[in-house]
Amino acid sequence: MPYDMLLSGGRVIDPAQGIDGAYDVAIQDGRVAAVRANLPRSDAQAVLDVSGKLVLPGLIDTHAHVYQYVTGRFGLNADMVGIHSGVTALIDQGGPSCMTLPGFRQFIVEPAQSRVYAFLSAYLVGGLEGHAYPSLYRPDCVDVEATVRAAKENADLVKGIKAHAELGGFARWGIEVMQLAARIGQEADLPVYIHFGQLWPLPDTGANDVDADAILPQVVELLKPGDVLAHPFTRHPGGFVDKRGRVHPIVREALARGLWVDVGHGSHFSFKMARIALDAGIVPHTLGADMHGYNTSVPKPTGTPDAHPDKEHMFFGQTRFSLVSTMTTLMACGLTLEQVVPMATSNPARMLRLENELGTLKPGVVADVSVLHDERGRWVLRDNEGTQVSASRMLRPAFCLRAGQRVDADAPILPRVEAA
């Protein structure tokens, strides 16, 4: 029988199989049927000419915020962040909690054409109204037993735990919340994904003399292999780079102990911090775009509070980004395409413990495929600190196949990059 579809003429990169070269990808009944050179076009009912483009396993965004409306202006539409941005699978980081997970499944996961997973919030509040109320993230707002039970009973959806290790929280209640989050990860046998870099303002009263540089070493001691340190390139205090402008020695120790690093790009990404960390040999395992409504033109839902307008939020920013643009950013920082592709394909699949289902084009798997433009020229990249970096190579999403169905990358939130 002929194939339903043939992607012909592209450069196929599948790190999980060690494939990198000029291959065709055949699709049959929504699954990958073959990856071989020079498959006859006559064998396919439809041929998509992808000459000059990259053909990759469906991209996996390890840091999404897609609990739309429930998380206020923070949460975006799942398919806008996913398939309409050339990404076939998403991990929502901390939007649902043990209390709100049923709604997340029914109203976000099930209607979405993109694959959507969750790193369950360690806090009962989850990501309600975009983490706007720090008092709801204190230790007595964590229920270890309920969160572990929710994770285990929803193992198809919950693939990790999300918590925050940052200056505003430590100034309020110290390390206790992190101890509880680490315990949840141990009892649920799931990776814990830790946000670093200040999230909340310091309180008017309390332990405001907390040293931001002391947070990372304390937290690393609580973690196990496979746990994830996020935002290594944050511009906010409390990240991988200390006040002296050096990478914490504990970071290398953490990597040696089997902890992972996720870029978690977000509006707080800093080219300066990225340069320091990369020059120190800190290469992330996964990317994570961290797209959210404080960095896009998402209207305020009717009836949500006016007390925390976007311009006052620590995550506000003007520079747009996406998972594919994050790939371009890291290449502009000196990493190679061959280093970056696994960060958005095979490595996230390992993080999800789904490496036999996602992040590969192995024949027989569901046909999730991302096709990217791979352009040469001169572009100017900017971060929200105003730092500019020149890029000579630009990746842009063209389209993706989700279970063999084509979806164009037409999301209105995708960044527009200025030519140099």
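Let me start with two helices that touch: Val144, Thr147, Val148, Ala151 and Lys152 in H3 meet Leu180, Arg183, Ile184, Glu187 and Ala188 in H5. By class, that contact between H3 and H5 is made of six nonpolar residues, one polar and three charged. Before I go on, please keep in mind that this is a predicted model.

How do the two helices lie against each other? H3 covers residues 144–153 and H5 covers residues 176–188, and their axes come within 9 Å. The crossing angle is roughly 35°, and the crossing of H3 past H5 is right-handed.

Moving on from H5, the loop between H5 and strand S12, which is 192–196, holds aspartate 189. Aspartate 189 is not a glycine, yet its phi is positive, at about 55°.

Histidine 231 sits in the loop between strand S13, residues 228–230, and helix H7, residues 249–256. Its relative accessibility is 1%, so histidine 231 counts as buried; the cut-off for that class is under 20%.

Next, asparagine 347. This residue belongs to helix H11, which spans residues 346–351. Why is asparagine 347 called buried? Its relative accessible area is 15%, and buried means under 20%. What does asparagine 347 touch, apart from its neighbours within four places in sequence? The contacts of asparagine 347 are with Trp260, His285, Thr286 and Pro342.

The largest pocket has a volume of about 500 Å³. Its lining is made up of 26 residues, and those closest to the pocket centre are Arg320, Ser325, Pro415, Arg416 and Val417. Which elements each supply at least two residues of that lining? They include helix H9, which is 323–332, along with strand S15, at 369–382, and strand S16, at 388–402. Sorted by class, the lining of this pocket has 13 nonpolar residues, seven polar and six charged.

To recap, then. H3 and H5 cross at roughly 35°.

Methods. Residues are numbered from 1 along each chain as its sequence is written. This is a predicted model: local features need pLDDT of at least 70, side-chain atom pairs count only at pLDDT 80 or more; totals for chains, interfaces and linings use all residues. Side-chain values use heavy atoms; hydrogens and water are left out. On a 1 Å grid over the protein atoms alone, a cavity is a set of points where a 1.4 Å probe fits but cannot get out, and a pocket is an open set with protein on both sides within 12 Å along at least five of seven lines; lining residues have an atom within 4 Å of a point. Grid points are joined across faces, edges and corners, and a volume is the space filled by probe spheres set on the points. Helices (H or I, at least four residues) and strands (E, at least two) are DSSP runs, numbered from the N terminus. Ala, Val, Leu, Ile, Met, Phe, Trp, Tyr, Cys and Pro count as nonpolar, Asp, Glu, Lys and Arg as charged, and the others, Gly among them, as polar. Buried means under 20% relative accessible area, exposed over 50%, partly exposed in between (1.4 Å probe, protein chains only). Contact means heavy atoms within 4.5 Å. Axes are lines fitted to C-alpha atoms, for helices over the stretch in contact, and angles run from 0 to 180 degrees between N-to-C directions. A crossing is left-handed if the near helix is turned anticlockwise from the far one by less than a right angle, and right-handed if clockwise.
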